[in-house]
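User: Hi! I am new to this structure and would like to get to know it through a few questions. Could you walk me through it?

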Amino acid sequence: MSLPAVAPDVVADAVAALPARLRAKLDQAIEKAPGWTVTATPDGAVVTVDEQVSVTLTAPVDAAGRAVCSCLLAPRCLHRTAVLAAAPVLDPSVPPSAVGPVPPATVAAVPPSALAAVPPSAGAPVPLSAGTVDPPSAGAAGPAAVATPAERDADGSDPAPAERPVGAAELAAVELMADAVAGLLAHGLPGAGAVLQADLLRAVHQARAAGLPRLAAAGTRIVAQARAARRSAPDFRLAELTDDVREALLVCHLLRAGPTDPAAVRGVARRGYQPIGELRLYGLCVEPLSTRTGHVGAVTYLVDAHGTVWSVAQTRPGDRDRAGHPANAPVDLGEARLSLRELSRSGILAAEAYASADRRLGHGRAVRAVRAEGRGWWAEPAAGLWREPPAEQAARWLAAGGAPVHERPAGHDLAFLDGVLGADRRGLLLHGPSGSGPVLVLAPQDDPMLPYVANARALAAHAAGHPVRLIGRFAGPRRVHGLALAADWLPQRYGGHVDLGVDRLQRADLPGAGPVAPAPPEPARPPLHLLTHQLRRVVAAGRVALLPDQDRDLRALRDAQLPTAAAALAALRRAGQGRERDVFGRLVGADPAALATAWLTAACYAASASAAATAAAWR
């Protein structure tokens, strides 16, 4: 059983209450968490730390009194604080049952206006590239957060989002978050122990209280990734942590500078499900998913008569191999009781449907819906998804990547592609009819319990040269993660398509490899990875990652006609290495804020330049 979620201020207060000698031992105490015994109770859980000590948690753990240790040292108790620091972070805007999929990393474009607002490090200006991608406003998906009492008009009403300036409470939360994230960049993941995490959680709590859900969400994700990294969890992704650090620092900077669109920078709190009336949906595919909270499940994508993509997800605690594949678990949609896998091959007719603003459907007895006949991918309305050019689909994905994670609509990153299968040393390929170069089809997960990798190898070996219709998830320049596939040679027992993460292809199901034209060599792309690599190194190791000489990378960027990238990297190195002397001539520590500013400048440029290069590759 996993621990109940704990409010961020409860964790921060517990860490602050520890004396210095116990705070130094906190990380060692948390490392013993795998040996704890967690026993479920009707109102929470009891954590047996050792033979003499147990900690009782009453869910939701949103107050100090809901976490009690059997020892006599509370509240200055190491056992209690270690348990609180090891528990997931409580998000009051998400009901306990609304555990959704973890979105994959996205190449998010940063508006040029945001780039121009980030000051370069002292000593060398960082010019901006003209070839950036400007996505729509990140706040277009919903209203701004509720104003704090100090920011209301005299009559007690909330000012319009565009009129309400950034208040003192918001700026105080911004300073807390900026200082905590700057500390992470200065010390890296080795220094991101429980004390630094407590600083981040206090900033998260302050951001929520000030009505800054976008900043609070970024801080929560940073804490989750830092914890995953320190316990060597397989779900840790350095690229995602780097994106979250950039998001937090960028929001802090924009709020300090006085944004032209405060509602977009404040963000929107995750909203519940609202009635949307009648809806006729047709299944597309089903995808297995995992969450960082220890849940597994599946999500089914559907399309309505207007070509809009919706999703239905269901998760449960535990592992995939304990109770069969989650895609085969039943889901209730009113009177329609069917599995997510069956839903992907049929349809539903809802008289009273419920959905969130990001087009994720609610399910349960409150929904009035019945099962209906599905349609294949070559029939309307699904067929219209494949008529949109891949370049326009990629542009849609890149634009949505500029919004906060929970504001991105369902299916924003799905690619609908036609082509002929092929293979080379890189793996499975999809040759398009336009002759613009093949698309590399990758496995979304390498979990041995899922058939992604086995299916990709079987298709590469025994289906090359045959036309297919593919649903994938954009993963970079001419790269997708393969989710589902349809072809006229598939056996009828698959129901029209194969879900590559659920169905396991057999050799008898495949038509045999046929002739296929050799794939042209992959075109050269700008070496932006040199800058991205250094940004990730700073997140992973701190400023010490900037000590080795980087002249080779600088020369390579200049030789590739990327002077802006070279200038950003040089400014980052100066900020990381630069140390001043006090009035007595002694060296003083480098300024974490200067390093954070230089890092943000380079990260914003890298994000926009990468998005522009990706869009060009799909064109």
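User: In which hand do helix 7 and helix 8 cross?

Analyst: Happy to start there; this is a predicted model, where local features need pLDDT of at least 70, side-chain atom pairs count only at pLDDT 80 or more, and totals for chains, interfaces and linings use all residues. Residues are numbered from 1 along each chain as its sequence is written, and side-chain values use heavy atoms, with hydrogens and water left out. A crossing is left-handed if the near helix is turned anticlockwise from the far one by less than a right angle, and right-handed if clockwise. By that rule, the crossing of helix 7 and helix 8 is left-handed.

User: How are helix 7 and helix 8 oriented to each other?

Analyst: Helices (H or I, at least four residues) and strands (E, at least two) are DSSP runs, numbered from the N terminus. The axes, which are lines fitted to C-alpha atoms, for helices over the stretch in contact, with angles from 0 to 180 degrees between N-to-C directions, come within 8 Å for helix 7 (residues 194–209) and helix 8 and cross at roughly 160°. Angles under 35 degrees count as roughly parallel, over 145 as roughly antiparallel, 65 to 115 as roughly perpendicular and the rest as oblique. Helix 7 and helix 8 are therefore roughly antiparallel.

User: Which residues of helix 8 meet helix 7?

Analyst: Contact means heavy atoms within 4.5 Å. On the helix 7 side, the residues are Gln197, Leu200, Leu201, Val204, Ala207 and Arg208. Their partners in helix 8 are Leu215, Ala216, Gly219, Thr220, Ile222, Val223, Ala226, Arg227 and Arg230.

User: What span does helix 8 have between its end C-alpha atoms?

Analyst: Helix 8 covers residues 213–230, which is 18 residues. The expected span is 1.5 Å times one less than the number of residues. That gives 26 Å for helix 8, and the distance between its end C-alpha atoms agrees: 26 Å.

User: How many residues of helix 8 are buried?

Analyst: Buried means under 20% relative accessible area, exposed over 50%, and partly exposed in between (1.4 Å probe, protein chains only). Helix 8 is mostly covered by this test, and of its 18 residues the buried ones number 14.

User: How do helix 6 and helix 18 lie to each other?

Analyst: Helix 6 (residues 168–187) and helix 18 (residues 592–618) have axes 9 Å apart and pack at about 85°. Ala182, Leu185 and Ala186 of helix 6 touch Pro592, Leu595, Ala596 and Trp599 of helix 18. The angle makes the two helices roughly perpendicular.

User: Which hand has the crossing of helix 13 and helix 18?

Analyst: Helix 13 (residues 390–400) packs on helix 18 at about 160°, with the axes 8 Å apart. That makes the pair roughly antiparallel. The crossing is right-handed.

User: Which helices do the buried residues of helix 17 pack against?

Analyst: Helix 17 has 15 residues, and twelve of them are buried, so it is largely enclosed by the rest of the structure. Those buried residues include Leu569, Leu572 and Arg573. They pack against helix 15 (529–541), helix 16 (551–559) and helix 18.

User: Which residues does Cys69 contact, leaving aside neighbours within four places in sequence?

Analyst: Cys69 is in strand 4 (residues 67–69) and counts as buried at 7% relative accessibility. Arg80 is eleven residues away in sequence, yet the two C-alpha atoms are 5.7 Å apart. Beyond its sequence neighbours, Cys69 contacts Val53, Ser54, Val55, Cys77, His79 and Arg80.

User: What is omega for the cis peptide bond at Pro60?

Analyst: Pro60 is in the loop between strand 3 (54–58) and strand 4. Ala59 and Pro60 are joined by that cis bond, and omega is about -5°.
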